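Here is a short report for a reader meeting this structure for the first time. Keep the sequence and the 3D view open as you read.

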Amino acid sequence: MSEVVETVVVVGSPLGLHGRPAAEIVRLASPFRAELTLAREDGSDGSADCRSILAMLVLAAARGTRLILRGTGEDAAEAVRTVAAYFAENFNE
Amino acid sequence: MAVETQTIQAIPVSPGIAIGRVLQVHAAGHRPEARRIPAEGVAAELRRFDAARAATRGQLAALQEKLRGRLVGEADIFDAQLLLVDDRMLLSGVEHRIRDEHYCAEYAVYAAADHFASVLGAVSDEYLRERAADLRDVAGRLLENLSEAEAKTPEMDVRRIIAAPVLTPSETARLDRDKVLGFAVETGSATCHAAILARSMRIPAVAGVPGAVFENLRAEDLMIIDGFSGKVIINPGERTVEAYRLKKQATGKLVSELERDSTLLPETTDGFWVELAANIENAEAFADAKKAGARGVGLFRTEFLFMKPERIPGEEEQFQIYKSLLLAAGDEPVTIRTMDLGGDKFSTGVHHIPEANPFLGLRGIRLSLYERRDLFDTQLRALLRAGVYGNLRVMIPMVCSTLEVAETREIIARIGREFSEAGVEHVANLPLGAMIETPAAAMIADRLAGMVDFFSIGTNDLIQYTMAVDRGNERVAYLYRPTHPAVLQMIRKCVEAAVANNIFVSVCGQMGGDPMLTPLLLGLGVHELSMSPESIPVVRRVIRSLSRHEAEEAAARALACSNAAEALEIAEALLKRCAPEIFNMQQ
């Protein structure tokens with residue numbers, strides 16, 4: 001039984017979702033087994049695998065962009081919480 | 001069959017003369033055959049891909065190590081590329097093409113990388129577009145590692161001139177440096193990778209060679225590149241080759257003489273002293289500046305601090321950078337320009353909003369005061385603290401109003417008060433200068449002169465704004481003329497205002513380092529010329545070859561000219577008479 005957990009995150013950093021936070025998200029996602037994706041709230045541009053820097057960069061999410069963070073699998077809830085917290089801290093920038 | 005000689009005017013970016021056969025380095029990304037493999041071959045193909053990845057990873061890591069501590073940023077490029085080699089989306093794109101579509105590894109790598117690079121390349125964000133170039137560079141390396149032959153280091157049987165549309169760090173890192181005579185590149189300027197490398201290798205280089213030239217080059221073409229004048233000659237005749245051989249000898253001797261003279265004072269024959277300072281943008285270049293006999297730094301560009309959005313240094317890190325620069329300079333002045341972003345120096349993350357007309361938009365001091373005051377504040381705090389370690393001057397770019405100077409002074413005063421209250425050591429009475437790069441600033445020079453401690457004329461932008469010309473636009477670039485009477489008159493206005501207010505004038509734009517124009521700047525009364533370190537020895541020789549009196553006389557006549565060509569003739573005639581060896585070098 002796969003749980004699907006979703007939450008909305010906002011890109012708060014003035015620098016947008018660029019290389020450094022993308023790399024950090026990959027690192028944060030790695031200990032979990034759940035699949036994690038980010039997608040634009042308006043549904044445009046498909047969804048980005050949180051384990052691919054390229055995929056996240058292609059989202060080109062600037063400051064203020066609202067994204068849907070979705071986790072699927074066993075530890076989805078914890079995975080989503082961890083990554084969402086990172087967004088809430090504005091990527092420490 | 002007679003081969004046609006072609007003469008091209010390019011931009012000189014590293015001095016010297018090279019005569020030799022050409023080696024063309026083609027743009028990476030040549031497309032491999034879309035070969036299909038049998039179903040049984042998939043596993044083996046995936047293994048080939050893994051092996052190529054491992055080899056690529058190793059090479060990138062080795063390059064990172066080798067380049068660390070060398071040119072600023074060279075190692076960082078490979079950091080970014082290492083991340084891409086293991087990127088999940090890229091990997092799955094390649095594996096899908098091998099496993100499900102039965103393409104060979106070469107084509108799978110090429111197609112996957114090309115797909116993502118195109119997506120990234122189409123984005124408006126500059127940072128992301130750069131990652132597209134990195135991705136193509138990585139794909140190129142993967143393809144090389146897949147090919148059976150030895151990593152394709154270009155055949156360097158004899159010493160050759162490297163001709164390329166662009167030279168990426170990957171490519172230059174791979175060249176057999178002992179065999180390179182010089183570089184000729186299409187894209188680039190004095191600060192492009194190939195130019196910086198050429199100067200540190202002390203070989204000639206030219207940039208801005210029209211692309212069509214590269215398309216018609218053949219392997220055995222003979223080429224002459226003149227890193228003084230920027231001329232490129234393809235398949236020169238015997239007499240031309242002979243003439244350049246002589247010029248090479250003469251200039252070689254001259255260049256060593258000039259270097260030997262680096263301790264001589266930049267003094268005119270009638271005893272007037274002009275300061276010669278260096279324009280640099282990283283601490284490493286400081287050593288070159290010292291060697292060339294620069295007295296201090298007339299322009300330290302700080303944009304590099306803000307170009308990597310993932311790592312904008314905070315107050316402490318900036319403080320350390322400025323402090324070490326000041327300590328290295330001893331008691332010689334170091335003029336640091338506050339962040340000058342916007343226009344063509346777009347940095348993702350500092351300034352997101354796309355503008356229809358960035359050159360007339362939010363850049364320079366405007367950006368600092370009205371959009372990123374937080375970053376400006378941090379930079380000023382770091383500068384004020386670092387100032388106690390040496391002879392610091394700070395200047396603000398793109399000034400067009402007295403209010404900008406007043407506000408900057410207020411911020412500095414406030415920071416000073418905060419530091420005093422908190423007991424933080426900082427410099428009091430920090431010399432603050434205004435860059436004169438807009439016609440507005442030049443026209444109100446008399447008002448600005450009373451508010452600042454010096455002027456620094458940024459001639460590149462001043463000329464563009466004054467002549468209403470984008471020098472990068474080939475159709476109108478001919479109008480970009482430093483000797484246009486309007487430009488000369490603005491410089492003169494600044495000098496007059498400065499003298500009336502007891503402050504000095506420096507010129508830090510390209511005009512300052514052009515020996516052909518040194519006589520005019522001298523004659524207009526400029527006090528300091530700041531330039532790229534490699535131009536200092538030549539300009540010193542020019543200064544020492546003439547008297548201020550004759551320079552002033554020439555400048556007065558130039559100011560009265562009705563067009564740029566006439567004024568330039570006056571400058572050339574004077575240079576030809578007083579320093580013919582320098583005049584000839586520029587031809």
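## Chain A

In chain A, 75% of the contacts with a separation of 6 or more join residues 24 or more positions apart. The model is a predicted one.

Three helices and four strands make up the secondary structure of chain A. Along the sequence they follow the pattern β-α-β-β-α-β-α. Of the 93 residues in chain A, 42% are buried.

## The barrel of chain B

Chain B holds a closed barrel of eight strands. Its order is E9-E10-E11-E12-E13-E14-E15-E16, and the pairing is parallel. From one strand to the next, the twist averages 25°.

Take one pair from chain B. Strand E9 covers residues 275-280, and strand E10 covers residues 297-300. Three bridges link them in the parallel sense. Here Ala278(B) stands opposite Val297(B) of E10(B). In general, strands of a sheet pair through backbone hydrogen bonds.

## Helices around the strands

Helix H11 of chain B spans residues 315-329. H11(B) lies across E10, strand E11 (333-337) and strand E12 (391-396) of chain B. Its direction is at about 155° to E11(B).

Now turn to helix H17 of chain B, residues 459-467. Which residues of H17(B) are buried? They are Thr459(B), Asp461(B), Leu462(B), Ile463(B) and Tyr465(B). These buried residues pack against three strands of chain B: E13 (432-436), E14 (454-457) and E15 (504-507). They also pack against helices H15 (439-443) and H18 (485-500) of chain B. After H17(B) comes Ala468(B), with a positive phi near 55°.

Methods
Residues are numbered from 1 along each chain as its sequence is written. Chains are lettered from A and ligands numbered from 1 in the order in which they are written. This is a predicted model: local features need pLDDT of at least 70, side-chain atom pairs count only at pLDDT 80 or more; totals for chains, interfaces and linings use all residues. Two strands pair if DSSP finds at least two bridges between them. Helices (H or I, at least four residues) and strands (E, at least two) are DSSP runs, numbered from the N terminus. Axes are lines fitted to C-alpha atoms, for helices over the stretch in contact, and angles run from 0 to 180 degrees between N-to-C directions. Two residues are in contact if their C-beta atoms, placed from the backbone, lie within 7 Å. A residue is buried if 20 or more other C-beta atoms lie within 10 Å of its own, exposed if 12 or fewer, and partly exposed in between; C-beta atoms are placed from the backbone.
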